Amino acid sequence: MPKSICMSKFARRPGVFLLVVIAMLTYHRQCPGQRVTSWRGEVGEWFDEANWSNSIPSENVSGRIPRGEVLVPAGTNQPAAFGLSVGRDLQQPAQATLSIEKTNLFVQTRLVVGESAGEESIGKLTVSGDGKEAGSLFAEEVLVGSQQGTGFVEGLIDLGGSLMSSGKSPGKLQVGINQGRGSATGTVFAFGDIGEINRPFGEI
């Protein structure tokens, strides 16, 4: 492994070894997606840092919204996250809404709207706007309504624009996945382009 090679190579040079350790720690802190921030407000705006536990989500920081109502008013910046979940909690009931007006949402990797491992979970994402002001959703993978236990799960995405992949290759869309003994409902509406959603698995 590269780590053991570095240790043996610089074992007799403590100063150089220290620099290597510092460089490794710095790289570790900067790895995208390792930082996670959770919504701790009830009703509030996305770009208000006081509503988040560990800074505002970004392309390098994942966001979790298990409960509450998050707003992105028209005229603000485009929200982004490395990964994002809305209405997802594998241990407690969850109910959350993310409402975005007239701008896009960019998720670098995976977006989950409504997921539970036993309790009731409801997640809703709305990206509004008409015509040129219609907001779209970009994500590499989208999961809408997933149950892994015995409860009820509902996931909803309502887009004024399109649902598209955030990467160069086609994305993955999963709707209404029930892996437990409960029920799971997933719904996706889009006025623009969208991939296959008539099956539980589709492409963006």
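I count a contact when heavy atoms lie within 4.5 Å. By that rule, residues 24 or more positions apart account for 73% of the contacts with a separation of 6 or more.

The model is predicted, so I kept to its limits: local features need pLDDT of at least 70, side-chain atom pairs need pLDDT 80 or more, and totals for chains, interfaces and linings use all residues. Residues are numbered from 1 along each chain as its sequence is written, and side-chain values use heavy atoms, with hydrogens and water left out.

**Overall.** I found 2 helices and 17 strands; these are DSSP runs (helices H or I, at least four residues; strands E, at least two), numbered from the N terminus. Of the 204 residues, 40% are buried (under 20% relative accessible area, 1.4 Å probe, protein chains only).

**S116.** I located S116 in strand β9 (residues 110-116). S116 counts as buried because its relative accessible area is 0%. Its side chain reaches the backbone oxygen of E119 at 2.4 Å. Among the residues that S116 touches are D89, L90 and V153.

**Rings.** I looked up 3 aromatic pairs. Rings of Phe, Tyr and Trp (its six-membered ring) pair if their centres lie within 6.5 Å; planes under 30 degrees apart are stacked, over 60 edge-to-face, the rest tilted. W46 and W52 have centres 5.3 Å apart and planes at 75 degrees, so they are edge-to-face. W46 is buried at 0%, and W52 is buried at 1%. F106 and F138 form a tilted pair, 6.4 Å centre to centre with 35 degrees between the planes. F106 sits in strand β8 and F138 in strand β11, 32 residues apart. Ring pairs also link W39, W46 and W52 into a cluster.

Definitions and conventions
Buried < 20%, exposed > 50% of the residue type's maximum accessible area, 1.4 Å probe, protein only. Polar contact = N/O pair within 3.5 Å; in protein donor to acceptor, adjacent residues only side chain to side chain. Lists of a residue's contacts leave out its neighbours within four places in sequence.
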